[in-house]
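Please look over the chain shown below before reading further. The paragraphs that follow proceed from its overall plan to one of its sheets.

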Amino acid sequence: IKKKCEQYAETAFNVCLANLYRDGSDGMGWHSDDEKELGDEPVIASVSFGAERIFHLKHKTNPTARHKIRLQHGSLLIMKGTTQQFWKHQLPKTKQRVDPRINLTFRKIF
């Protein structure tokens with residue numbers, strides 16, 4: 001999985017964060033992956049397994065710039081460039097019945 005993500009993202013990763021979302025009551029609030037140890041323009045590859053969930057993006061200063069991305073089983077989402085500088089993202093909780101989902105997030109820590 002790591003090697004395929006590195007091919008698509010055109011970068012080498014040295015860390016993998018695994019998250020289990022048991023059902024719709026599990027989520028991740030608005031944030032940017034802008035920690036200093038990730039560098040100025042981090043490349044992040046996120047792979048989803050299990051239940052489909054909706055991933056949200058919103059621009060930090062332009063309230064009309066928003067996107068929703070349907071993350072299906074086996075999907076790969078790559079964030080790179082200035083994404084973390086200008087955008088926040090979340091995986092919101094939902095009241096809908098949702099089966100478990102595992103997310104692997106690959107990154108490079110300097």
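**From the chain to the sheet**

Read from the N terminus, the elements of the chain follow the order α-β-β-β-β-β-β-α-β-β. This amounts to 2 helices and 8 strands. The model is a predicted one.

Consider next the overall dimensions. The C-alpha atoms occupy a box of roughly 40 × 35 × 20 Å along the principal axes. Of the 110 residues, 38% are buried, that is, they have under 20% relative accessible area. The chain exposes about 7,000 Å², of which carbon and sulfur atoms supply 52%. Among contacts between residues at least 6 apart in sequence, 82% join residues at least 24 apart.

We now turn to the sheet. Strands of a sheet pair through backbone hydrogen bonds, in either a parallel or an antiparallel manner. Here, 4 strands form an open sheet in the order E1-E8-E3-E6, with antiparallel pairing. Strand E1 (15-21) and strand E6 (76-79) each have a single partner strand because they stand at the edges, and one side of each is therefore left without a neighbour in the sheet. On average, neighbouring strands of this sheet are turned by 20 degrees against each other, direction ignored.

One pairing may be followed in detail. Strand E3 (residues 44-50) pairs with E6 in the antiparallel sense over 4 bridges, and Ser-46 stands opposite Leu-77 in E6. Helix H1 (residues 2-9) packs on the sheet, where it touches E3, E6 and strand E8 (101-107). The direction of helix H1 makes about 50 degrees with that of E6.

Methods: Residues are numbered from 1 along each chain as its sequence is written. This is a predicted model: local features need pLDDT of at least 70, side-chain atom pairs count only at pLDDT 80 or more; totals for chains, interfaces and linings use all residues. Side-chain values use heavy atoms; hydrogens and water are left out. Two strands pair if DSSP finds at least two bridges between them. Axes are lines fitted to C-alpha atoms, for helices over the stretch in contact, and angles run from 0 to 180 degrees between N-to-C directions. Contact means heavy atoms within 4.5 Å. Buried means under 20% relative accessible area, exposed over 50%, partly exposed in between (1.4 Å probe, protein chains only). Accessible areas come from the Shrake-Rupley method with a 1.4 Å probe; for residues, only the protein chains shown count as cover.
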